[in-house]
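I opened the model to look up a few local features. My entries follow, in the order I made them.

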Amino acid sequence: MENYTSVPVVTLRDVVVFPGTTVYFEVGREATVKAVNEAMHKKQYIFAVAQKDPKVEHPKQEDLFDVGTLAQVKQLVSMPGNVVRVIIVGQKRMKLENLEYNDGYYQADLTELEETRQISYDVETIALIRGLKDLFTVYVNEQGKINKNVVEEIMDCTDLNSLINQIATSIPVNYQFKQKILNEQDIYQRHEDISIILSREIGILRIQDDVARRVKSQVEKNQKEYYLHEQIKAIHKELGDDDSETDADRYSAKLEKLKAPKKVKKKIAQEIKRFKLTNSNSSENSVIRGYIETLLTIPWKKASEDNTDIQNAENVLNEDHYGLKDVKEKVIECLAVKAIKKDGYSPIMCLVGPPGTGKTSIAKSIARAMNRKYIRICLGGVRDEAEIRGHRRTYVGAMPGRIIAGIRNAKVKNPLILFDEIDKMGADYKGDPSSALLEVLDPEQNKNFSDHYVELPVDLSQAMFICTANSLDTIPRPLLDRMEIIQLSGYTENEKFHIAKNYLVQKQINANGLTKEQFNISDKAIHTVIQNYTREAGVRGLERKIGTLCRKAAVEAAKDSEVKIRISNRNIKKFLGNYKYTLDAVSDKPQVGIVRGLAWTSVGGDTLEIEVNVMKGKGALQLTGKLGDVMQESAKIALSYVKSQLTDVVADDFFEKHDIHLHVPEGAVPKDGPSAGITMATAMYSACTGKKVKADAAMTGEITLRGRILPIGGLKEKILAAKAVGVKLVFVPEKNRKDVEEFDSEVTECVDIRFVTEAPEVWKLVLEE
């Protein structure tokens with residue numbers, strides 16, 4: 001390590017000198033001028049160091065950075081005003097050890113800084129050099145103001161240390177960043193620091209360029225509009241059209257024709273008066289303009305005439321939808337009331353069911369049947385109360401809520417408004433939209449619906465509201481209380497077949513540009529698509545598969561317009577590939593410890609074979625199959641009940657010396673709920689006693705510790721799933737009898753449904769000796 005003593009010091013403001021670089025600067029302070037002159041007369045070396053604060057006039061050691069550069073003075077040029085222009089070349093990085101003031105200038109004792117890591121010129125170093133040059137090239141292209149000679153010199157550099165120093169000198173960034181690089185003794189860290197600075201500067205330059213372009217574009221646009229407006233004014237003046245109708249006059253004329261309550265007309269007249277008094281260029285003027293136009297376009301008293309022809313409504317609903325008996329009955333009842341009492345309220349229906357069962361499309365059909373305007377408002381993901389009630393006019397960009405906006409678009413006060421996905425609303429700090437709907441969906445309150453933007457009561461009592469939801473669990477109780485719930489369960493296979501044949505096939509033929517002659521699908525093929533290519537409660541997936549078949553046919557039709565495609569069971573795999581789903585049919589013979597349970601899923605019903613094994617052990621219960629907490633509790637309850645029933649049947653220490661393993665297949669699928677209680681109890685009882693369970697039987701029901709069987713939900717889908725796999729005997733809780741009585745004969749035919757209240761009743765009928 002080399003030491004230097006009494007080296008003249010040049011303190012620099014906002015300038016950092018790097019080794020191997022040439023720097024031009026001017027000095028005027030007396031001590032600095034003396035230092036450079038002294039250097040020229042002796043060894044020509046100076047210590048160039050930057051000040052921490054450029055404003056300090058007479059810096060001391062604590063005002064200077066610890067690290068600077070030993071530089072050689074190449075040239076001095078005296079300038080007017082005791083200013084000297086200096087050209088120096090950086091030599092080495094030095095650390096300032098001591099600073100003294102002698103003979104009118106500063107002298108320093110220095111220590112050379114050594115690298116903490118020596119660089120080896122291998123492949124990695126070459127990669128660092130190339131990467132840094134590429135980054136610098138991008139910077140130069142963005143900056144566009146660096147001297148070409150400097151750029152060429154940097155690009156010819158083959159030493160990493162020199163490259164870093166040259167780039168740091170050439171880029172116009174704050175001296176603090178440059179000093180950080182100079183301080184760093186690790187060359188790899190210096191490389192990282194300069195790369196970060198370059199990347200940051202590139203980002204800043206790009207943003208500046210983008211902002212400049214946008215400002216220029218906006219200024220040019222505003223100037224163009226200003227000139228055009230001035231020209232139009234001049235033309236009107238030349239033509240003598242200065243007395244043309246103003247906006248305020250037009251609003252006043254519309255107000256005269258508007259059919260609205262006196263209170264509304266008075267409010268609009270006041271706003272028009274305010275509009276006249278405000279400056280046309282002010283922001284308040286545009287706010288008042290928007291408010292007046294909103295009030296003038298709301299249909300305060302304009303209503304469409306309902307078509308109360310009940311026979312026509314029945315025809316329309318049957319044309320558009322197959323099944324949905326409950327919904328159709330409710331609509332007919334509503335129309336009947338309207339036919340008798342013109343000002344009668346429409347009930348607020350909430351259609352609840354799985355996806356694809358026709359909830360949204362039935363609302364369109366009701367609007368067509370009643371000759372009403374149709375407005376759909378999707379509430380899925382809405383978390384802001386202002387979506388329902390609108391914004392206060394004091395906010396920038398304020399607007400009415402979706403309900404008022406929908407009525408404005410419909411241009412009548414009695415449209416059919418569909419609130420789609422009402423169960424998927426949220427709530428946050430902006431308010432609770434479900435609470436805002438409480439007023440909208442109450443016929444006693446919505447006569448005077450208050451929108452924050454409109455600030456006047458709007459009569460919604462003549463509008464008809466229909467809501468749709470997939471589940472009632474997330475709908476708040478007060479909101480649920482205002483609606484009439486209509487459950488849409490999943491379609492039977494026969495219903496899906498008729499829907500596909502009568503509606504979906506023709507719809508997809510038209511959508512894909514085919515004709516009936518070009519595309520035909522057999523009834524058996526439709527059944528195959530339903531059974532083996534879709535698994536859902538609705539028909540959305542079925543429609544997609546039919547659409548796929550039509551597109552395959554469209555490819556052939558595009559090649560040959562005379563081609564005729566017929567889809568049958570023999571060639572359906574050619575178009576749709578191998579079967580996606582196959583039914584897990586019932587076993588051929590009774591088995592011990594295996595019982596078929598019935599489950600409800602979001603895509604309809606399903607059957608699960610619950611398996612129980614008993615083996616020697618220490619009395620542990622093992623549960624597998626990704627079971628939820630409720631289902632695990634049901635298994636424990638079932639085991640406790642089975643133990644209580646087998647005290648006289650098995651040995652006293654049977655459960656202490658045996659482990660019980662219960663497994664529900666399809667282990668990757670999460671399962672939960674209490675409805676498998678009786679199934680698990682039966683499987684355990686069978687496994688412990690060795691009695692076989694009938695293969696064609698299935699069951700569902702929650703079980704208690706005393707063996708009572710409690711009612712469950714989703715029964716229709718469960719029975720349909722049992723029929724699909726060939727189950728002949730189904731055990732259902734007695735308290736679900738009322739649900740079964742409401743099912744169509746199509747659901748219950750070919751299945752022997754037994755209603756049970758306690759587990760022993762099931763075991764007596766299903767277990768074989």
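Is I207 buried or exposed? I read it as exposed, because its relative accessibility is 55%. My classes are buried for under 20% relative accessible area, exposed for over 50%, and partly exposed in between (1.4 Å probe, protein chains only).

Notes on the source: this is a predicted model, in which local features need pLDDT of at least 70 and side-chain atom pairs count only at pLDDT 80 or more, while totals for chains, interfaces and linings use all residues. Residues are numbered from 1 along each chain as its sequence is written, and side-chain values use heavy atoms, with hydrogens and water left out.

Entry on the patch. I placed I207 in helix α6, residues 187–239; helices (H or I, at least four residues) and strands (E, at least two) are DSSP runs numbered from the N terminus. I207 forms a nonpolar surface patch with V211, V215 and V219, and together they have about 320 Å² of accessible area. Areas are from the Shrake-Rupley method with a 1.4 Å probe, and for residues only the protein chains shown count as cover. Patch members have over 30% relative accessible area and no salt bridge; nonpolar side chains (Val, Leu, Ile, Met, Phe, Trp, Tyr) are joined within 5 Å, like charges within 9 Å.

Entry on helix α12. I checked its length: the 12 residues (359–370) should span 16 Å, and the end C-alpha atoms lie 17 Å apart, which agrees. The expected span is 1.5 Å times one less than the number of residues. Among its buried residues I listed I362, I366 and M370. The cover over the buried residues includes α10 (310–320), α11 (325–340) and β8 (374–378), where contact means heavy atoms within 4.5 Å. After α12 comes N371, with a positive phi near 60 degrees.

Entry on salt bridges (a side-chain nitrogen of Lys or Arg within 4 Å of a carboxyl oxygen of Asp or Glu). My search of the whole structure gave 34. R274 pairs with E271 at 3.2 Å, N to O. The two are about one helical turn apart, because they are 3 residues apart in helix α8 (residues 262–277). I found E271 buried at 3% relative accessibility, whereas R274 is partly exposed at 35%.

E387 and R402 also pair, at 2.8 Å, N to O. E387 is in helix α13 (386–389) and R402 in helix α14 (402–410), so this bridge ties together parts 15 residues apart in sequence.
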